[in-house]
Amino acid sequence: MKHTYDAIVVGAGPAGSAAALTMARDGLKVALLERGNFPGEKNMFGGVLHRLTALEDVFPDFWDQAPWERHIVQKNLSFLTEGATFNVSYDSEEANTPPYNGYTIFRPKFDRWLASEAVKAGATLLTCSTVDDVIRENGKIVGVTLLRDNAELRAPVIIAADGVLSFVAKKAGLRRAKFKTSNQGVCIKALIDMPKEVIDDRFGLVREQGASREIVGCTAGVRGGTFLYTNYDSLSLGMVLELESLNEHGKTPYDLLNALMQQPQMAKLLKGGRLLEYSAHLVPKGGYEMMPELVGDGIMVAGDAAAFCIITGLNLEGINLAAQSGVLAGKTAIEAHQQNDFSKSSLSGYRKKLEDSFVLQDLKLYRRTPHMLHNNRIYSQYPELVCNVMDEIYRIDGKPKETMTKMLLSKVKETVGLKNMLSDVYSGWRAL
Ligand SMILES: Cc1cc2nc3c(=O)[nH]c(=O)nc-3n(C[C@H](O)[C@H](O)[C@H](O)COP(=O)(O)OP(=O)(O)OC[C@H]3O[C@@H](n4cnc5c(N)ncnc54)[C@H](O)[C@@H]3O)c2cc1C
């Protein structure tokens with residue numbers, strides 16, 4: 001079976017559907033290939049969806065239509081030890097007017113909806129269609145083969161939007177055959193059912209307001225972090241853990257997540273909730289240094305497949321970068337059709353567009369962050385330091401007090417060490 005299109009997009013995640021939508025709206029004949037039974041079936045994330053300006057430009061009523069759960073008005077950063085929590089909270093009325101700055105969503109709903117918008121624009125969505133390989137002729141990529149029915153699909157331009165492991169980019173020779181385990185995070189998430197009113201009371205929310213919490217600590221020393229997000233009537237609690245560090249510590253993600261759920265302050269937030277499901281996924285955490293080649297003859301790489309993900313510990317951004325890169329790849333494919341030139345040099349306009357956008361500018365800005373987050377002290381000593389200091393500040397027990405400076409210095413010496421702290425502040429300052 002052979003079919004011919006103007007463009008083939010592999011993967012109906014946010015990057016792929018955004019690319020397909022852009023090209024279909026311009027009249028190109030587009031095939032959007034998805035291995036799942038429906039877009040989103042194979043996908044999970046935290047998750048907070050940040051503003052998708054590229055898609056807001058494509059259809060202005062984007063946020064009226066997109067299926068979201070709650071909009072985030074309250075952002076928290078917590079340091080956790082086995083028995084204590086220190087929480088910094090930011091709550092803003094300004095975040096209470098649409099379009100909001102962040103929305104919790106479920107991927108099976110969101111991805112399905114976004115792909116259906118691409119279909120409405122004219123793209124052909126083929127589900128249960130796993131791409132097995134690329135077709136090469138005279139050194140150029142001219143199509144893909146599917147696992148199903150030995151099918152061959154041909155197009156002068158392919159967009160690899162097949163996620164973090166991107167076999168398409170690998171088969172096209174655009175990324176290294178093996179990943180460094182320090183560049184990959186495994187994420188495990190528990191979805192916890194909880195009545196809306198309980199969530200509202202517990203987190204101090206009204207109407208469709210939501211809260212997000214990024215958490216440092218309680219990972220048994222494994223490099224990684226935790227998130228807790230409010231959905232309409234459920235909570236998403238998850239951990240993003242570096243594969244190399246998990247291996248070094250001989251820990252499993254589910255043991256760490258189960259232990260976290262027992263931590264006293266966490267247990268209070270989860271009390272009465274009912275575990276609905278566990279899910280897991282990889283996340284590219286190597287940032288700019290992990291990026292593959294973005295363009296080849298007849299092919300471009302977008303979204304997680306291109307490692308477009310930013311993890312700072314305060315935010316996790318991926319979908320916004322994926323959608324933006326998908327739109328830019330789609331626009332480049334449209335230009336390539338106008339010029340009837342699908343060579344690497346013609347498609348290199350894609351890289352230029354990414355460089356002019358927040359995608360590559362932000363990835364470059366945060367290129368030192370993965371290295372900074374490789375520091376083991378962040379995951380055990382700093383949460384301990386913060387909670388010990390707060391304990392000392394709030395302890396009034398009839399004993400004479402020290403000056404704040406003296407107390408802080410002695411706690412720093414006890415836990416992290418002064419020299420280490422100065423060096424960590426310096427690398428944090430350079431990385432963020
Ligand atoms: C636990 C976790 C929490 C996260 N939290 C956030 C967050 O809060 N905010 C945020 O913005 N980002 C977050 N991210 C990152 C975000 O999920 C990704 O950056 C984003 O999904 C990338 O989109 P994509 O379209 O590039 O890839 P994906 O969403 O991975 O989509 C790829 C698609 O390709 C399909 N596919 C794969 N291989 C093939 C094949 N061979 N043939 C056909 N189809 C194929 C897959 O089934 C999938 O539908 C998180 C990620 C994880 C894992």
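Domain bounds here come from an automatic or database domain assignment. Keep that in mind while you colour this predicted model by domain: domain 1 takes 2-69 + 105-175 + 292-356, domain 2 takes 181-284, and domain 3 takes 371-431.

**Stop 1: domains 2 and 3**

Show just these two. Their centres, taken over C-alpha atoms, are 25 Å apart. Where they touch, seven residues of domain 2 are in contact with eight residues of domain 3. Pick out the domain 2 side of that contact and you'll find two nonpolar residues, four polar and one charged.

**Stop 2: the ligand**

Bring domain 1 back and centre on the ligand. Why does the ligand lie between domain 1 and domain 2? Both domains give residues to the shell around it, so the ligand ends up between them.

Now select the shell. There are 41 residues around the ligand, and the ones that come nearest are G11, G13, G163, G303 and G318. Elements giving two or more residues to this shell include the helices α1 (14-25) and α10 (319-339), along with strands such as β13 (184-193), β16 (234-242) and β17 (274-284). Colour the shell by class and you get 19 nonpolar, 15 polar and seven charged residues.

**Stop 3**

β13 runs antiparallel to it, joined by nine bridges; look for L191 opposite S236. Then select β15 (residues 224-230), which is also antiparallel to β16, over seven bridges. In that pairing, F227 has G238 as its bridge partner.

**Stop 3: a four-stranded sheet**

Last, find the open sheet whose strands come in the order β1-β11-β10-β9, with mixed pairing. Which strands stand at its edges? They are β1 (2-4) and β9 (131-137); each has a single partner strand, so one side of each has no neighbour in the sheet. Look along the sheet and you can follow a twist that averages 25 degrees from one strand to the next.

Zoom in on β9 and β10 (residues 140-146) to finish: six bridges join this antiparallel pair, and V134 stands opposite V144.

Definitions and conventions: Residues are numbered from 1 along each chain as its sequence is written. This is a predicted model: local features need pLDDT of at least 70, side-chain atom pairs count only at pLDDT 80 or more; totals for chains, interfaces and linings use all residues. A residue is near a molecule or strand if its C-beta atom, placed from the backbone, lies within 6 Å of it. Ala, Val, Leu, Ile, Met, Phe, Trp, Tyr, Cys and Pro count as nonpolar, Asp, Glu, Lys and Arg as charged, and the others, Gly among them, as polar. Two strands pair if DSSP finds at least two bridges between them. Axes are lines fitted to C-alpha atoms, for helices over the stretch in contact, and angles run from 0 to 180 degrees between N-to-C directions. Two residues are in contact if their C-beta atoms, placed from the backbone, lie within 7 Å.
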